[in-house]
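Biologist: Please put the model up, and then we can go through it piece by piece.

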Amino acid sequence: MKKKTMEHTRLLVLALLAGEDMYGYQMILELARRSNQVFDMKEGTLYPVLHGLEQEGFVEAYRQEAPTGRERKYYHLTRKGQGALREEDTAWKRYSGAVNNVLQSGAEAEPV
């Protein structure tokens with residue numbers, strides 16, 4: 001099996017942006033909501049990930065005025081990012097399926 005090439009946080013961020021453009025704090029809230037509060041990402045984790053994804057061409061940032069009048073920086077998943085997400089989603093499913101298979105077979109094994 002091929003070693004995972006994308007860190008899980010990056011994969012989660014790409015998945016969030018697959019549905020809509022979002023600003024940073026919105027991503028933090030949405031990740032917590034979709035994970036039933038299991039993931040509690042901090043800004044200090046998110047923004048370096050976003051900047052790295054932007055440098056790789058997976059996301060693009062743009063500024064837009066919010067309803068409050070403040071300007072927010074939104075992130076958009078690029079075509080290149082969509083391709084990376086598809087590849088990494090397939091790899092993650094293969095990896096997590098293999099882990100589940102090992103866990104299930106361990107639980108089914110008879111004690112020695």
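Biologist: At what angle do helix 2 and helix 3 pack, and how far apart are their axes?
Modeller: Helix 2 (residues 24–34) and helix 3 (residues 43–55) pack at about 115°, and their axes lie 10 Å apart. The axes are lines fitted to C-alpha atoms, for helices over the stretch in contact, and angles run from 0 to 180 degrees between N-to-C directions. Helices (H or I, at least four residues) and strands (E, at least two) are DSSP runs, numbered from the N terminus. Please keep in mind that this is a predicted model, in which local features need pLDDT of at least 70 and side-chain atom pairs count only at pLDDT 80 or more, while totals for chains, interfaces and linings use all residues. Residues are numbered from 1 along each chain as its sequence is written, and side-chain values use heavy atoms, with hydrogens and water left out.

Biologist: Is the crossing of helix 2 past helix 3 left-handed or right-handed?
Modeller: Helix 2 passes helix 3 in a right-handed crossing; a crossing is right-handed if the near helix is turned clockwise from the far one by less than a right angle, and left-handed if anticlockwise.

Biologist: And which residues make the contact?
Modeller: From helix 2 there are G24, Y25, M27 and I28, and from helix 3 there are E43, L46, Y47 and L50, where contact means heavy atoms within 4.5 Å. These residues divide into 6 nonpolar, 1 polar and 1 charged. In that scheme Ala, Val, Leu, Ile, Met, Phe, Trp, Tyr, Cys and Pro count as nonpolar, Asp, Glu, Lys and Arg as charged, and the others, Gly among them, as polar.

Biologist: Which residues of helix 2 are buried?
Modeller: The buried residues of helix 2 are G24, M27, I28, E30, L31 and A32, with buried meaning under 20% relative accessible area, exposed over 50%, and partly exposed in between (1.4 Å probe, protein chains only). They pack against helix 1 (8–19), strand 1, helix 3 and strand 3.

Biologist: What comes after helix 2?
Modeller: N36 follows helix 2, and its phi is positive, near 55°. The loop between helix 2 and helix 3 also holds S35, which counts as buried because its relative accessibility is 12%. The side chain of S35 reaches the backbone nitrogen of F39 at 3.0 Å. That is a polar contact, a pair of N or O atoms within 3.5 Å; within protein, one must be able to donate a hydrogen and the other to accept it, and residues adjacent in sequence count only if both atoms are side-chain atoms.

Biologist: Switching to the sheet, in what order do the strands come?
Modeller: The 3 strands form an open sheet in the order 1-3-2, with antiparallel pairing, and two strands pair if DSSP finds at least two bridges between them. Strand 1 and strand 2 are the edge strands, each of which pairs on one side only. Helix 3 packs on this sheet, touching strand 2 and strand 3, and its direction makes about 55° with that of strand 3.

Biologist: How many bridges join strand 2 to strand 3?
Modeller: Strand 2 (residues 59–65) is joined to strand 3 by 7 bridges; E60 has H76 as its bridge partner, and Y62 has Y74. Strand 1 (residues 22–23) is joined to strand 3 (residues 71–77) by 2 bridges, and there the partner of M22 is Y75.

Biologist: In the hairpin of strand 2 and strand 3, which residue takes a positive phi?
Modeller: That is G69, with phi near 100°, in a hairpin that has 5 residues between the strands.

Biologist: Back to the helices: is T9 buried or exposed?
Modeller: T9, which is in helix 1, counts as buried because its relative accessibility is 14%. Leaving aside its neighbours within four places in sequence, T9 is in contact with M41, T45 and V49.

Biologist: And where does S105 lie?
Modeller: S105 lies in helix 4 (residues 79–108), where its side chain reaches the backbone oxygen of V102 at 3.0 Å. With a relative accessible area of 43%, S105 is partly exposed.
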